[in-house]
Every structure is written in C-alpha cells, then in structure tokens.
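Visitor: Hi, I have a new model open. Can you walk me through a few spots in it?

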Amino acid sequence: MATVDDVRRLALSLPRTQEHLIRDRVKFRIGSIVYLALSRDESELGFAFPKEERAALVAAEPAKFFLPRESDLRFNWVESRLGALDPDELTELVTEAWRMVVPAKVARAHLDPPAAAPLPPAPSLDELRAAAEVFNGFAGVDRSWHALREETGRALDLSLAAHRTALHRWLNSWGCRIRYPREGETDTFGAGLAAWGERHTLAHTPLARLTPREVSRFAAAYEELAALPIGRRSLGPTAASKALYALRPDSVMPWDAAIAQRLHGVRDGAAFARHLELGRAWARAALEEGGGLREADLCAGIGRPEVSLAKILDEYLYITITHAAAADARKAADPAQRGTTPPAP
C-alpha cells in the first residue's frame with residue numbers, strides 16, 4: 001500500500017517540484033500551481049487529473065477515488081484514498097499529475113531523456129598523473145578539504161551540529177551557494193541534513209570494492225539528499241554528490257553538472273548509480289595497472305598522496321571535461337586565442 005513517504009519521494013524526484021505546508025496540509029507544486037495535496041490527516045491524496053475523465057475514474061474504482069468538494073469541481077482535480085493505492089499506481093498518478101503542470105519540454109527531458117554518449121574507457125595511470133599535475137597547479141586546491149578534515153577529526157558525523165556547519169562551509173567553498181541562516185533563524189540545511197543522516201547507513205567500502213547493494217544504497221541516499229529542501233530550493237545534484245564524498249571519501253566519486261551531463265545525460269539516482277559503477281570499473285583498472293600496489297601507495301605515485309582514488313578519478317574528469325570545456329569557452333569568446341586556420345567548408 002502507498003504511503004506519505006512514497007508520495008514525497010516521488011514528487012521531490014520530479015523537476016521543479018517544491019513541498020509546502022499550507023494551512024496544515026502538505027502540498028506539492030510547480031511555481032504557484034499545486035498538483036498534489038494531502039489531507040490534514042494524510043489519509044487522502046488529491047491530484048491533478050483531467051476533469052473530463054474523472055467521472056469515469058471514480059465510477060470504475062469508487063473504493064479508491066472520489067470527486068473533490070463542490071467548490072473544487074471546476075478544477076482538473078480528483079481525490080483518492082492513499083491506503084488503497086499500490087506503489088506502481090501511485091507512481092503513475094503522481095507522474096501524470098506533474099506532467100499536467102510543467103512545460104512539455106521539461107516533461108520530455110525528464111521522462112524521455114536523450115541517450116547519453118558512450119562512456120569513455122578507463123584512464124591510464126599516465127593520464128591520471130597528467131591530470132593530477134594540472135590539478136595540483138590550482139591555487140589552494142586542497143586547503144578547504146584539509147580544514148574540513150581537521151574540524152571533523154577526519155570522521156564527519158552529521159549528528160553533530162559543528163560537523164554540519166563545517167560541511168556547509170566546505171560545500172560553499174566549492175561553489176554550492178547554500179545560504180547561511182541569519183541569527184535566530186532555523187538552520188533548515190543543518191536540520192534536514194541531520195534527519196537525512198539518520199535515515200541512511202552508508203558503506204565505508206573503497207570504490208573499487210563497492211557491491212551492487214552498496215551502490216544502490218548510495219544512489220537512493222543521493223536522490224533523497226539532492227531533493228532536500230533548503231529554503232526556496234533543494235540542495236541539488238552537485239552539492240549532494242560532494243556531500244556524499246565528504247562523508248565517504250574512499251567510496252564516492254562525485255560529479256558536477258558538466259561531468260554528469262557529458263557522461264550520463266541526466267543527474268537522477270539511476271545516473272548516480274551508473275556513475276559509481278563507472279568509477280568502480282576505473283578504480284579496478286587503475287589498481288590492476290598498478291600491479292598490486294595498495295590504494296594509498298598508488299595515489300601517492302599518481303601525485304595525490306592525501307586523497308582517495310575516488311577523488312583522483314573525479315579530478316581527472318574535472319580536468320578533461322569541466323576545465324577543458326571552460327577553456328574552450330574562453331577561447332571562443334576571445335578572438336586573440338583562436339587559431340588562424342580557416343574552418344573547413
């Protein structure tokens with residue numbers, strides 16, 4: 001039987017959805033348009049539905065569905081008894097209700113995303129060393145990471161307010177722009193993060209040895225964390241992946257928007273699982289090429305002795321995708337950096 005948690009999980013996985021508490025009722029909306037609403041006792045779920053079709057729906061399954069109150073009959077809306085719905089049925093109803101209130105191009109992009117480009121082969125150790133050399137050249141590249149590790153005793157614990165604050169600062173140092181609470185204001189990010197941490201037990205397994213079950217758990221944790229409300233928006237995919245890396249630096253190869261888009265086309269939980277599976281394959285290839293070296297020794301030989309292999313692989317992707325794209329954009333914007341060879345006809 002479907003639950004309120006199922007409703008929340010489904011709704012917050014859909015682009016542009018925001019959760020609001022309005023007159024003691026949980027509602028989910030796109031902008032100002034509500035497409036899901038729970039009753040005050042959370043036993044009933046109202047959802048957007050074509051009004052010309054709802055009479056047939058109610059007549060076919062009166063134990064599950066019923067008409068809204070008379071004042072709401074003018075809207076595209078129908079009510080249901082939440083406990084009578086099964087999870088698959090709920091998924092279809094929530095998705096179709098969402099589809100009614102978002103632009104068609106948003107629905108198409110989410111429900112029928114373009115195929116991702118073929119995944120690149122594992123980088124060689126020489127390629128990892130070359131990327132590490134470039135990454136090491138960035139000013140203060142590890143300063144904020146060392147500060148986070150020092151503040152948290154190298155063991156980030158989300159049950160501790162000081163550790164959540166340290167993670168907040170570290171994420172913002174990487175451009176996540178999570179607003180700090182004003183004096184006397186509730187720390188929505190910290191409170192949400194603590195509650196999320198209580199719901200998820202995450203492996204400490206090195207990336208190369210992650211099991212399918214552990215990958216699945218990381219993906220589910222990522223999806224919920226990305227949808228975590230922080231004020232008027234959610235935490236988002238990049239911050240969620242970086243937070244997971246901060247919690248499990250040996251296990252998680254994070255991503256940014258450019259990396260995720262290039263490799264996977266989307267940034268949902270399924271794509272994050274594929275990203276970890278890709279990282280696992282790459283990590284195994286690097287260790288095999290290393291001839292049996294311990295991971296710490298391999299990382300030191302690559303030129304990044306104080307970070308994990310998961311992070312080295314992320315840095316390689318950053319250098320070859322994100323940084324390279326930014327450099328290409330600068331060249332395109334500056335005629336002086338362009339070559340003199342005329343374009344081919």
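Guide: Start with Arg23, which lies in the loop between β1 (17–22) and β2 (25–30). Strands here are DSSP runs of E with at least two residues, and helices are runs of H or I with at least four, numbered from the N terminus. This is a predicted model, so local features need pLDDT of at least 70 and side-chain atom pairs count only at 80 or more, while totals for chains, interfaces and linings use all residues. Residues are numbered from 1 along each chain as its sequence is written, and side-chain values use heavy atoms, leaving out hydrogens and water.

Visitor: What is phi for Arg23?

Guide: About 50°, which is positive, although Arg23 is not a glycine. Most residues other than glycine have a negative phi.

Visitor: Is Arg23 buried or exposed?

Guide: Exposed, because its relative accessibility is 72%. Buried means under 20% relative accessible area, exposed means over 50%, and partly exposed is in between, with a 1.4 Å probe and protein chains only.

Visitor: And what about Asp24, where is that?

Guide: Asp24 is also in the loop between β1 and β2. Its phi is positive too, near 65°. At 57% relative accessibility, Asp24 counts as exposed.

Visitor: New topic. How many helices and strands are there?

Guide: The protein has 14 helices and eight strands. Of its 345 residues, 45% count as buried.

Visitor: Which residues of α10 are buried?

Guide: Thr238, Ala239, Ala240, Ser241, Lys242, Ala243, Leu244, Tyr245, Ala246 and Leu247. That is ten of the eleven residues in α10, so the helix is largely enclosed by the rest of the structure.

Visitor: At what angle do α7 and α10 cross?

Guide: Roughly 125°, and the axes of α7 (residues 161–173) and α10 (residues 237–247) come within 10 Å. That makes α7 oblique to α10. Under 35 degrees counts as roughly parallel, over 145 as roughly antiparallel, 65 to 115 as roughly perpendicular, and the rest as oblique. Axes are lines fitted to C-alpha atoms, for helices over the stretch in contact, and angles run from 0 to 180 degrees between N-to-C directions.

Visitor: Which residues meet there?

Guide: Leu167, Trp170 and Leu171 in α7 meet Ala239, Lys242, Ala243, Tyr245 and Ala246 in α10. Contact means heavy atoms within 4.5 Å. By class, there are seven nonpolar residues, no polar ones and one charged.

How values were computed
Ala, Val, Leu, Ile, Met, Phe, Trp, Tyr, Cys and Pro count as nonpolar, Asp, Glu, Lys and Arg as charged, and the others, Gly among them, as polar.
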